[in-house]
Amino acid sequence: MQHPTPSLPRRRLPIGLQTFAELRDRGCYYVDKTGLAIDLIESSGKAFFLSRPRRFGKSLLVDTFKELFEGHRALFDGLAAETRWDWSKRHPVIRISFGGGVLRKGGDLDQHIAELIDEHANRLGLTLHNQSLSGRFKDLIRLAHEQAGASVVVLVDEYDKPILDNLTEPAIAREMRDGLRNLYSVLKDMDAHLRFVFLTGVSKFSKVSLFSGLNHLVDITLDPPFSALCGYTDEDVDTVFAPELPGLDREEIRRWYNGYNWGGTSVYNPFDALLLFRNRRFKPYWFETGTPTFLVDLLAERRMFTPDLGRLVTSETLLSTFDVDAMTAEALLFQTGYLTIAETHEIPGRTEYTLKYPNMEVQASLNDSLLKRFVGDLSAPEPQISRLWRVLQAGDPLALKDLFHAFFASIPNDWYRNNPIAQFEGYWASIFYSHFAALGLDIRVEDTTNKGRIDMAVLACGVVWLFEFKVVELVPQGRALQQLKERGYGEKYAGRGEPVYLIGVEFSRGERNIVGFEVEVG
């Protein structure tokens with residue numbers, strides 16, 4: 001007779017904990033990353049770099065490395081590291097973090113670095129002789145090696161935060177970049193004294209701009225074996241957090257929060273998962289902690305066609321091209337976590353990636369923010385999006401015309417005159433698309449059929465909504481619906497057994513509104 005497996009006890013949720021010892025001492029849930037950490041330490045190379053979005057557990061990972069190298073064996077009972085790590089060897093650890101506070105000028109950065117170096121010197125009982133910051137950092141590493149008789153571990157957390165905090169002030173951002181480069185260049189010269197170096201942050205600055213001379217730095221950001229070094233996998237959620245799952249829709253958890261990918265296993269943002277388990281409600285927890293105003297403004301200024309966001313194709317080189325003076329929208333969206341890898345394509349001499357939204361939280365929240373920027377009113381889209389959902393639930397395509405016509409009419413003329421984004425051809429379709437995307441719906445842009453591409457297909461509320469967009473100053477009126485019919489676009493979805501609506505939407509730049517809206521059942 002088989003006995004049912006006893007359910008696991010619930011543990012403390014490690015919300016906000018970035019200290020490995022505290023997490024273990026308090027009996028919190030812990031997703032064991034120590035095996036992957038040791039895999040990295042034992043791999044080829046000595047100095048490593050990892051880029052991940054904010055609130056992905058980078059600080060906890062850095063602290064885990066610290067506890068390993070300092071040999072605190074008791075903290076690793078029952079974990080992969082317990083039997084894999086050589087606990088007889090200990091190394092002095094120098095941990096540098098730029099996570100606390102905001103630095104607004106170069107002098108503040110120098111003072112912060114000086115305080116960190118002095119703090120470590122005092123802790124280790126070392127006397128530093130050089131006066132310059134780079135010289136004192138060299139002294140610290142060399143003397144720590146000599147004193148301990150073991151090479152030094154340097155861990156840098158949020159290595160780029162002083163730059164990112166000042167992106168809206170490029171001159172200050174450049175000053176911060178140059179100050180950090182002065183610090184990081186020391187690591188190359190001190191290689192003989194170092195056992196392991198690990199730098200992590202949000203952005204992936206080019207080696208030329210920030211790591212000049214640090215040629216041996218191994219970038220594992222897009223290394224498939226380490227895709228899940230930060231974050232929770234599906235398996236982690238099902239096993240480690242099994243006691244938290246009863247009462248929650250498992251598929252909704254996946255749809256809302258899973259999907260971040262760096263070329264290997266997809267993961268959840270830990271912050272989202274933990275707050276869901278605490279609050280038992282689906283909300284955009286991660287997005288709400290840092291609305292990307294700078295990013296949204298950049299996308300608007302560059303007239304990004306929002307339907308393209310969920311299907312961008314880019315190269316590995318472009319994803320890595322990030323600097324104060326050269327910020328591509330693709331790199332910024334990817335590195336900050338608003339887009340992630342959908343597919344990888346190897347072609348001669350290069351790697352290409354197709355990007356996508358990682359999950360419903362990001363798709364809905366980012367498009368909601370973009371809508372507010374596109375119409376110059378923080379409150380306008382909210383009731384509009386709610387009304388759109390009710391129209392879709394009612395299955396009433398004609399009501400869509402009145403809904404969007406009234407919305408475009410509500411945008412003040414002064415806003416159009418003062419905002420160049422309203423002048424580009426894709427503006428109208430971008431607003432239309434972002435309304436649907438803000439609801440987190442299943443949207444297929446440039447949906448391929450055997451006769452062409454449908455501008456936008458939306459699968460919602462048991463109905464297939466197929467849209468074709470035209471600007472009447474460029475194409476004669478009536479062509480939008482005509483194209484949907486002539487090319488038989490509805491045939492692709494006929495087998496679903498659901499109503500299929502063909503909707504031709506025509507905009508006028510002169511009238512700044514919808515001037516044609518035709519519907520036919522496909």
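1. Start with the contacts of Arg174. Leaving aside neighbours within four places in sequence, Arg174 is in contact (heavy atoms within 4.5 Å) with Val324 and Asp325. Arg174 sits in helix H8, residues 170-184. Helices here are DSSP runs of H or I with at least four residues, strands are runs of E with at least two, and both are numbered from the N terminus.

2. A word on the basis. This is a predicted model, where local features need pLDDT of at least 70, side-chain atom pairs count only at pLDDT 80 or more, and totals for chains, interfaces and linings use all residues. Residues are numbered from 1 along each chain as its sequence is written, and side-chain values use heavy atoms, with hydrogens and water left out.

3. Buried means under 20% relative accessible area, exposed means over 50%, and partly exposed lies in between (1.4 Å probe, protein chains only). Arg174 and Val153 are 21 residues apart in sequence. Their C-alpha atoms are 28 Å apart in space.

4. Turn to strand S13, residues 463-471. Of its 9 residues, 9 are buried. Both faces are covered. One side carries Val463, Trp465, Phe467, Phe469 and Val471. The other carries Val464, Leu466, Glu468 and Lys470.

5. S13 has strand S12 (residues 452-460) as an antiparallel partner, joined by 5 bridges. Two strands pair if DSSP finds at least two bridges between them. Ala460 stands opposite Val463 in S13. The hairpin of S12 and S13 has 2 residues between the strands, and Cys461 takes a positive phi near 60° there.

6. S13 also pairs with strand S14 (residues 500-508), in the parallel sense, over 8 bridges. Phe469 stands opposite Val505 in S14. Together with helix H23 (residues 479-486), S13 and S14 make a right-handed β-α-β unit. Right-handed means that, with the strands pointing away from the viewer, the path from the first strand over the helix to the second runs clockwise.

7. There is also an open sheet of 3 strands, in the order S6-S10-S9, with antiparallel pairing. S6 (313-315) and S9 (340-347) stand at the edges with a single partner strand each, so one side of each is left without a neighbour in the sheet. The twist averages 30° from one strand to the next. Angles run from 0 to 180 degrees between N-to-C directions of axes, which are lines fitted to C-alpha atoms.

8. Within that sheet, S6 pairs with S10 (residues 350-356) over 3 bridges, in the antiparallel sense. Val313 stands opposite Thr354 in S10.
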